[in-house]
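Please keep the sequence and the model in view while reading.

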Amino acid sequence: MKRMWISLTLCFMLLAAMPTASGRPASPDRDELKIISFNIRFANPKDEGNLWEDRREMMFGLLREQKPDVIGLQEALRSQIDDLRKALPRYEEFGVGRADGKSEGEHSTILYDGRRFRREDGGTFWLSDTPEVVASKSWGNRVVRICTWARLKDRRTGRAFYVYNTHLDHESQPSRERSAQLLLERIRGRKHSDPVILMGDFNAGEGNAAVRTITASEHHPVLRDTF
């Protein structure tokens, strides 16, 4: 299940940019942000009737219509990112493949409007006991999991914010819970006190302990569920 969180320290202009329950569009004020979290389903050649080639134009059309400022992708393979960059040249990208820390395997890539934002910092860590070790895994998950993050600065206003994009394990609950703890540790340890947006596919609902770890009031920073 895809989730996105926004820190309570964010100013109202960022909160207003999130999709509302009514589905009404936000104001076009350029101090707002439109952000999309999107598990695009990796390009599996066995997906009969649902191949990437069959659905990519629909995705391109949706993103052209919505014109998000930042996109968090999950399950994206290098070839899919290349297709997106070609179809939507306004976006810059940041991220690596989880299998080798370069191009192999699924990415949790962050796409951002390069005309509006400049990337000031960023990185990827693995959701394991050794987060700096490429392709490492722990906590019972059979699949390697990562989080990619970036600090983006608005070229016009000079305002900066952090984006963390991840994909938690689909099988191991211990992995989801430990991953949530690691995500909070990394967010707390960021270099600047800028606002934070955490998004991704968490494979968990609102009542899951991993989600409660992220949104519970006793944890700091407290993150508000944008839904």
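## Helix H2 and its surroundings

In helix H2, the buried residues are Trp 52, Arg 55, Met 59, Phe 60 and Leu 63. Viewed down the axis of H2, these residues fall within an arc of 155 degrees, so they line one face of the helix. On the other side of H2, the exposed residues are Glu 57, Met 58 and Glu 65. The structure described here is a predicted model.

Helix H2 spans residues 52-66 and has 15 residues. From its first C-alpha to its last, H2 reaches 20 Å, which is close to the 21 Å expected at 1.5 Å a residue. Just after H2, Lys 67 adopts a positive phi of about 50 degrees.

## Helix H3

Helix H3 has its own set of buried residues, namely Gln 80, Ile 81, Leu 84 and Ala 87. These residues cover an arc of only 130 degrees around the axis, which puts them on the same side of H3. The elements against which the buried residues of H3 pack are H2, S3, S4 and S5.

## Thr 109 in a loop

Thr 109 belongs to the loop between strand S4 (91-94) and strand S5 (110-113). Its relative accessibility is 0%, so Thr 109 counts as buried.

Which residues does Thr 109 touch, not counting residues up to four places away in sequence? Its contacts are Ile 71, Gly 72, Leu 73, Ile 81, Glu 93, Phe 94, Gly 95 and Asn 165. One of these, Ile 81, is also among the buried residues of H3. The C-alpha atom of Thr 109 is separated by 9.7 Å from that of Arg 78, and the two residues are 31 residues apart along the chain.

## Aromatic pairs and a charge over a ring

A pair of aromatic rings is described by the distance of the centres and the angle of the planes. A search of the whole structure finds five aromatic pairs. In one of them, the rings of Trp 149 and Tyr 164 have centres 6.2 Å apart and planes at 20 degrees; planes under 30 degrees apart count as stacked, so this pair is stacked. Trp 149 lies in strand S7 (residues 146-154) and Tyr 164 in strand S8 (residues 160-167), so the pair ties together parts that are 15 residues apart in sequence. Trp 149 counts as buried, at 16% relative accessibility, and Tyr 164 is buried as well, with a relative accessible area of 3%.

Tyr 164 also forms a stacked aromatic pair with Tyr 162, with 6.2 Å from centre to centre and 25 degrees between the planes. Both Tyr 162 and Tyr 164 are buried. Through ring pairs, Trp 149, Tyr 162 and Tyr 164 are linked into a cluster. Elsewhere, Arg 186 lies over the face of Phe 125, at 4.6 Å from the ring centre.

## The protein as a whole

The secondary structure comes to five helices and ten strands. The protein has 227 residues, of which 50% count as buried. Among contacts between residues at least 6 apart in sequence, 68% join residues at least 24 apart. The protein exposes about 10800 Å², and carbon and sulfur atoms supply 51% of that area.

Technical notes
Residues are numbered from 1 along each chain as its sequence is written. This is a predicted model: local features need pLDDT of at least 70, side-chain atom pairs count only at pLDDT 80 or more; totals for chains, interfaces and linings use all residues. Side-chain values use heavy atoms; hydrogens and water are left out. Rings of Phe, Tyr and Trp (its six-membered ring) pair if their centres lie within 6.5 Å; planes under 30 degrees apart count as stacked, over 60 as edge-to-face and the rest as tilted. Helices (H or I, at least four residues) and strands (E, at least two) are DSSP runs, numbered from the N terminus. Buried means under 20% relative accessible area, exposed over 50%, partly exposed in between (1.4 Å probe, protein chains only). A charge sits over a ring if NZ of Lys or CZ of Arg is within 6 Å of the ring centre and within 35 degrees of the ring normal. The expected span of a helix is 1.5 Å times one less than its number of residues. The arc is that of the directions from the helix axis to the C-beta atoms. Contact means heavy atoms within 4.5 Å. Accessible areas come from the Shrake-Rupley method with a 1.4 Å probe; for residues, only the protein chains shown count as cover.
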